[in-house]
Amino acid sequence: MPSPNILDAALTRLDEAARHVQIDSDVLEKLKYPRETMKVRLLIRMDDGSRKSFLAWRCRYDDTRGPTKGGIRFHPDSTVEEVETLAFWMTVKCAVTNLPYGGGKGAVQVDPKALSKAELERLSRAYVQAFAGIIGPDRDIPAPDVYTNAMIMGWMADEYASIQGEAAPAVITGKPIALGGSVGREDATARGGFYLTCHLTERLGLPTEGLRVAVQGFGNAGQHVARLFRSIGAKIVAVSDSGGAVHAASGLDLDALLAAKAAGQSVVQAEHGGEVIAADDLIGVDCDVLAPSAMEDMIHDGNAASVRAKVVLELANGPITPEGDRILADKGVVVLPDILANAGGVTVSYFEWVQNRQGYYWTLDEVQSRLKTIIETEGDAVWSIAEDKGVTLRTAAYIHALGRLAAAIEAHGTQQFFAS
């Protein structure tokens, strides 16, 4: 479960970035707190005829640069602090990639694995019923997140259309393609991180052949990033999920691992060609790239010293604590920060929103080419800031985002403007 002060920890990174740029105090004051957070109880009818309630939230953190954007997760350990922190990160992420969005996030405190498919649909529709006044194509646009998927987004978009009395596909992204989704959305989070790593390979000092990759968390992003790295000849030397971890220095049988996940099994049940290790031990596996792809705070002051990777590719949101960051920096481990490395998901969600509004849909090549251009362009910008100011890539990414956020906030007038 995320710590209660997770938002405070996230804001320390904003404060660090602010020390390297000249901005008005109004900017930091506006970004310290979420614009609005709504909490509700979703009451649904269970299959046995009983009624059960689930705690749910939606946060719109900042909308200075446009409507808020962010996923909805179904997780038993979700908290309001987590939701607000994720919405803050999304605010920064959209600024890093120069998308015309602010940041939002939503969650339901539920174990979706304990629900039937019909109960899951009722819960998804109940979420939209509760938050229909907050979301909207020009106000707040949800998307999938942990334990939610395209079908759930389709149910939510349909419920919103029923409430509004008209089709409104742009209200939700990450939908099934048949319901207005975009090609290329399914692997977008992983693909963005993959593009970034490949683009910076030489600057990161990574080998061009025989790259060794360890993936912590083998859900959607983890599986796709493993596939993508294998496509360029990399060896997947370790993967983990909630059931444990497996390791093989010579490379695992990725097809067997993917087949096990498709069958609803853990990676430890696959004919993987390696050894079973403790899930926590994956962090210390000898590799070139470590890709944490699960939840927050997975690398911290208790295990960061054991990291042996040259590069950490953050596909999860907030997988490294500030204390863990400092330890990795002291060790010379380069972190490709989440607000850039996993921005492929929101970028292709933006593409889906644009296509929905235009009523004109792009090819897969167009989607992937535009994603690659954005990730590489912003990756170069962040790298240049890091070199120029002598800071980590994470701090550089926050500086990059803060510049764009400050320009938008200051355009409304600051204390200096009004005092003069």
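The model is predicted: local features need pLDDT of at least 70, side-chain atom pairs count only at pLDDT 80 or more, and totals for chains, interfaces and linings use all residues. Residues are numbered from 1 along each chain as its sequence is written, and side-chain values use heavy atoms, without hydrogens and water.

The chain is assigned domain 1 (20–179) and domain 2 (187–340). These bounds come from an automatic or database domain assignment. Taken over C-alpha atoms, the centres of domain 1 and domain 2 are 27 Å apart. Domain 1 puts 11 residues into the contact and domain 2 puts in 7 residues. Contact here means heavy atoms within 4.5 Å.

The size of an interface is often given as the accessible area lost when the parts come together. Between domain 1 and domain 2 the buried area is about 810 Å². Carbon and sulfur atoms give 61% of that area. Buried area is the accessible area (1.4 Å probe) that two parts lose on being put together, summed over both. On the side of domain 1, Trp89, Lys93 and Val96 lose the most area to domain 2. Together they account for 50% of what that side buries.

Between domain 1 and domain 2 there are 0 salt bridges. A salt bridge is a side-chain nitrogen of Lys or Arg within 4 Å of a carboxyl oxygen of Asp or Glu. Helix H3 (residues 80–96) gives the most to the side of domain 1 that touches domain 2, with 6 residues. Helices (H or I, at least four residues) and strands (E, at least two) are DSSP runs, numbered from the N terminus.

The structure as a whole holds 31 salt bridges. In one of them, the side chains of Asp286 and Arg212 meet at 3.3 Å, N to O. Asp286 lies in the loop between strand E9 (275–277) and strand E10 (289–292), and Arg212 in strand E6 (residues 212–216), so the pair ties together parts that are 74 residues apart in sequence.

Aromatic pairs number 10. Rings of Phe, Tyr and Trp (its six-membered ring) pair if their centres lie within 6.5 Å; planes under 30 degrees apart count as stacked, over 60 as edge-to-face and the rest as tilted. Phe351 and Trp362 form a tilted pair, 5.3 Å centre to centre, with 55 degrees between the planes.
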